Amino acid sequence: RADLVAWLQKGAVGENSAGLVVVRAFDTADAALKELVSAENSDRMVIYQAVSQKNNASIEEVQKLYAKRLQDDAPIGTPIEVLNQASSTNEWTVKK
């Protein structure tokens, strides 16, 4: 997790609106970073599926709730995908 936080702070990866990590700086994305992101997302999906089944909720609902929490807890400088209320579309911004 410490490796991931470092990449989040650099802005190379971000937290999307589905509670997953995505590579944002493709020019710095080497195989190790891509593997880190893939492993983190796999772990998160296991958690989301378990919470979904336990609470009889859709995975999408669980992801949305976790996304909000992960974005709130993300370090300053992290790219986050948030809903633009005016346009009802998701947009990327940097957490301040």
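These legends go with several close-up views of a predicted model. Local features are described where pLDDT is at least 70 and side-chain atom pairs count only at pLDDT 80 or more, while totals for chains, interfaces and linings use all residues. Residues are numbered from 1 along each chain as its sequence is written, and side-chain values use heavy atoms, with hydrogens and water left out.

**View 1. The largest nonpolar core has 8 residues.**
Look for L4, L8, V13, V21, V23, A29, L33 and V37, which make up this core. Two or more residues each come from α1 (2-10), β2 (21-23) and α2 (31-55). A nonpolar core here is a set of buried Ala, Val, Leu, Ile, Met, Phe, Trp, Tyr and Cys residues joined through side-chain atoms within 4.5 Å. Buried means under 20% relative accessible area, exposed means over 50%, and partly exposed lies in between (1.4 Å probe, protein chains only). Helices (H or I, at least four residues) and strands (E, at least two) are DSSP runs, numbered from the N terminus.

**View 2. V13 and T78 touch each other.**
Leaving aside residues up to four places away in sequence, V13 touches L4, W7, L8, V21, V22, V23, R24, L33, V37, T78 and P79. Contact means heavy atoms within 4.5 Å. T78 sits in the loop between α3 and β3. Is T78 buried or exposed? T78 counts as buried because its relative accessibility is 0%.

**View 3. Helix α1 packs against helix α2.**
The two axes are 11 Å apart, at an angle of about 115°. α1 and α2 are therefore roughly perpendicular to each other. Axes are lines fitted to C-alpha atoms, for helices over the stretch in contact, and angles run from 0 to 180 degrees between N-to-C directions. Angles under 35 degrees count as roughly parallel, over 145 as roughly antiparallel, 65 to 115 as roughly perpendicular and the rest as oblique. Which residues meet here, in α1 and in α2? D3, L4 and W7 come from α1, and L33, L36, E40 and R44 from α2. By class, this contact of α1 with α2 has 4 nonpolar, no polar and 3 charged residues. Ala, Val, Leu, Ile, Met, Phe, Trp, Tyr, Cys and Pro count as nonpolar, Asp, Glu, Lys and Arg as charged, and the others, Gly among them, as polar.

**View 4. Helices α2 and α3 cross at roughly 125°.**
Their axes come within 9 Å, and the crossing angle makes α2 oblique to α3. On the α2 side, the contact is made by R44, M45, I47, Y48, Q49, V51 and S52. I59, V62, Q63, Y66 and L70 make it on the α3 side. The contact of α2 with α3 divides into 8 nonpolar, 3 polar and 1 charged residues.

**View 5. N56 and S88 each have a positive phi.**
Most residues other than glycine have a negative phi. For N56, phi is near 50°; for S88, phi is near 60°. N56 is found in the loop between α2 and α3 (59-73), and S88 lies in the loop between β3 (79-84) and β4 (89-94). N56 counts as exposed because its relative accessibility is 75%. S88 is exposed too, with a relative accessible area of 59%.
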